[in-house]
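Please read them alongside the coordinates.

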Amino acid sequence: MQMTFEASSSVKLLFDLWDVHGPVGMVLSVFVVLLLTVFFEILKVWQVWLSSSSKLAQSASAYAAAPSGRTESCSVLDASPSESSLTSQPLSTRNRWLLHIIQTCLHILQVTLGYMLMLCVMSYNIWIFLGVILGSALGYFISFPLLGQMSLYGQPRH
């Protein structure tokens, strides 16, 4: 097995079925690896967003459970529900389990895809390596602004 990078147009990736011979197959393989890496980066952002939104919902349930020290003489505006309580409802036990199962499945998918991309890089083909690097850069470029937008809409306004 080769242990140095080479710029060849033939490589065997992950499975015996994915045996690349020639420049057309290499271009298609680099494109597939690039797309898998973009998906990997978007998956990481989605997992962070799910985690932060579940923490936001849990904190909303803590506020809902807190005893209120209001008196009868409070104003109508003080008694009205805030914008954050309208957008973030507390999670029921069933929904928490469902969210936990979804997060676990996403974690398994992320770890599996990460190891598969690592094995692609370990083919020591420079073109596949560049596909992973460019896919990671492109995925980060696409998904990082989405994370900023999601956290803006997920946080309560003060």
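1. Cysteines. The model is a predicted one. C105 has a relative accessible area of 48% and is therefore partly exposed. C120, in contrast, is buried, at 1% relative accessibility. Across the whole structure the search returns 0 disulfides.

2. Overall make-up. The protein has 158 residues, of which 25% count as buried. Its secondary structure amounts to 5 helices and 2 strands.

3. Record annotation. An unreviewed UniProt entry carries the annotation "transmembrane region" for residues 20-43, 97-118 and 124-147. In the model, residues 20-43 are 88% helix and 8% strand, with the end C-alpha atoms 27 Å apart. Residues 124-147 are 92% helix and 0% strand, and their end C-alpha atoms lie 32 Å apart. The annotation may be inferred rather than shown by experiment.

4. Nonpolar core. Which residues of the largest nonpolar core touch the most other members? They are V11, L13, M26, V33, L117 and I128, out of 13 residues in that core. Helices α1 (23-65), α4 and α5 (126-154) each contribute at least two residues to this core. The most come from α1, which gives 4 residues.

5. Nonpolar surface. L14, F15, L17, V111, Y115, M118, L119 and M122 make a nonpolar surface patch of about 810 Å². One of these, Y115, sits in helix α4 (residues 93-121). Y115 has a relative accessible area of 52% and so counts as exposed, the cut-off for that class being over 50%.

6. Salt bridge K12–D16. There are 2 salt bridges in the structure. In one, K12 pairs with D16, with 3.7 Å between the closest N and O atoms; the limit applied is 4 Å. K12 is partly exposed at 47% relative accessibility, whereas D16 is exposed at 64%.

7. Salt bridge K44–E41. The side chains of K44 and E41 also form a salt bridge, at 3.3 Å from N to O. Why are K44 and E41 separated by about one helical turn? Because they are 3 residues apart in helix α1. As for burial, E41 is buried at 8% relative accessibility, while K44 is partly exposed at 30%. As background, side chains of opposite charge can pair when their charged atoms come close.

8. Backbone at L14. L14 is not a glycine, yet its phi is positive, about 60°. The residue lies in the loop between β1 (10-12) and β2 (19-21). With a relative accessible area of 30%, L14 is partly exposed. L14 is also among the residues of the nonpolar surface patch.

9. Backbone at Y124. Y124, likewise not a glycine, has a positive phi of about 60°. Y124 belongs to the loop between α4 and α5. Is Y124 buried or exposed? At 17% relative accessibility it counts as buried, since the cut-off is under 20%. Both backbone points are raised because most residues other than glycine have a negative phi.

Note on methods:
Residues are numbered from 1 along each chain as its sequence is written. This is a predicted model: local features need pLDDT of at least 70, side-chain atom pairs count only at pLDDT 80 or more; totals for chains, interfaces and linings use all residues. Side-chain values use heavy atoms; hydrogens and water are left out. Patches are made of residues with over 30% relative accessible area and no salt bridge: like charges are joined within 9 Å, nonpolar side chains (Val, Leu, Ile, Met, Phe, Trp, Tyr) within 5 Å. Accessible areas come from the Shrake-Rupley method with a 1.4 Å probe; for residues, only the protein chains shown count as cover. Buried means under 20% relative accessible area, exposed over 50%, partly exposed in between (1.4 Å probe, protein chains only). A disulfide is a pair of cysteine sulfur atoms within 2.5 Å. A nonpolar core is a set of buried Ala, Val, Leu, Ile, Met, Phe, Trp, Tyr and Cys residues joined through side-chain atoms within 4.5 Å.
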